[in-house]
Amino acid sequence: MSNQPRDIPWVDSNLFTENFNKYPAEELLKYAGQYVAWTLDGTRILASGSDELEMEERLKEMGLDPSRVVGMYIPTPDQSTIL
Amino acid sequence: MNLRFRYKLVRAGRLIPSLGGRTVRPRPLVDVTVIGPIGSRVRPALLDTAADDTILPESLAVLIGVDLSTAPTGSATSPITGSIPLRYAPVTLRLTDGREQREWPATVAFTPARLIHPLLGFAGCLQYFTATFMGDREEVELAVNALYPGT
């Protein structure tokens, strides 16, 4: 991987988690079943889409770098994590 | 020093009888940076001791420039979904808890199957760490072991 990109931010997982855990549940449930892009500190949702690629397209339309967000699928309330 | 991560609280949207009526499910999801030849992405991934491989969605491979056209293939089996196809390729993985930083090369599996969360399984991740899951604290600690190939 010697030709890998440079200037990759280190993302503090605990900072993201702390803010993610405080995000209002009723707000988050609006995104159930969608992919969302969070700020790296987990305080805000920047964009969403029906799949990962649509989420990325919306970020690019907004002039945002997809490598500088945390992308996440928001499960619907009845979804378990079993594969 | 070890990496220590708090569990993420995933909203259930209802009362969960097995958790005494809580409305969130604590999960050991850590924000992993997946680095490929042309880019990187950050995704919360589940530390999963039941997963033999580290499994990521194929859509991520496209976004970071990983060529899967000639990749070795395999499959994973779950009792719920049956068999899912896998294609293996090298990436770099990165984790930090805000104090310690770890980055290592890993051969991971990409799948076209829909994953609720990417999985950090044995190969590519847990083989390199001693993992301690602290259910009472809803935290997980990762200590590198002698096999750890990174920095």
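Helices, of at least four residues, and strands, of at least two, are DSSP runs numbered from the N terminus. On that basis, B:Val66 sits in the loop of chain B between helix H1 (58-64) and strand S7 (73-78). The model is predicted, and its scores are ipTM 0.93 and pTM 0.94.

**Confidence**

- The average pLDDT of chain B is 95, and 100% of its residues score at least 70.
- Where pLDDT is low, predicted coordinates should not be read in detail.

**Chain A: overall fold**

- Chain A contains three helices and three strands, and from the N terminus their order is α-α-β-β-α-β.
- Of the 83 residues in chain A, 25% are buried.
- When contacts in chain A between residues at least 6 apart in sequence are considered, 47% of them connect residues at least 24 apart.

**Helix H3 of chain A**

- The buried residues of H3(A) are A:Glu52, A:Met55, A:Glu56 and A:Leu59.
- Viewed down the axis of H3(A), these buried residues fall within an arc of 100°, and therefore they line one face of the helix.
- Within chain A, the buried residues of H3(A) pack against strand S1 (35-38), strand S2 (45-49) and S3.
- The packing partners of these residues also include strand S6 (55-57) and H1 of chain B.

**Contact between chains A and B**

- On the two sides, 33 residues of chain A are in contact with 40 residues of chain B.
- Helix H1 (13-22), helix H2 (25-29), helix H3 (52-61) and strand S3 (70-73) of chain A each give two or more residues to the side that touches chain B.
- H1(A) supplies the largest share of that side, namely seven residues.
- Classified by residue type, the side of chain A that touches chain B comprises 20 nonpolar, ten polar and three charged residues.

**Nonpolar cores**

- The largest nonpolar core has 35 residues, and B:Val34 and B:Ile55 have the most contacts inside it.
- Strand S4 (residues 29-35) of chain B provides the largest share of this core, five residues.
- Beyond its neighbours within four places in sequence, B:Ile55 is in contact with B:Ala76, B:Leu86, B:Ala109, B:Thr111, B:Leu115, B:Pro118, B:Leu119 and B:Gly121.
- A second, separate core of 14 residues includes A:Val11, A:Ala37 and A:Met72, together with B:Val42.

- Apart from neighbours within four places in sequence, the contacts of B:Val66 are B:Gly36, B:Pro37, B:Ala61, B:Ala89 and B:Val91.
- B:Val66 and B:Leu3 are separated by 63 residues in sequence, and their C-alpha atoms are 28 Å apart in space.

**Loop residue B:Glu138**

- B:Glu138 belongs to the loop of chain B between strand S11 (129-134) and strand S12 (139-144).
- The phi of B:Glu138 is near 55°, a positive value in a residue other than glycine.
- B:Glu138 counts as partly exposed because it has 16 C-beta neighbours inside 10 Å, a number that lies between the limit of 12 or fewer for exposed and that of 20 or more for buried.

Methods:
Residues numbered from 1 in each chain as written. Chains lettered and ligands numbered in written order. Predicted model: local features only at pLDDT ≥ 70, side-chain atom pairs only at ≥ 80, totals over all residues. Contact = placed C-beta atoms within 7 Å. Nonpolar A, V, L, I, M, F, W, Y, C, P; charged D, E, K, R; others polar. Core = buried A, V, L, I, M, F, W, Y, C linked by C-beta atoms within 7 Å. pLDDT = per-residue confidence, 0-100. Arc of directions from axis to C-beta.
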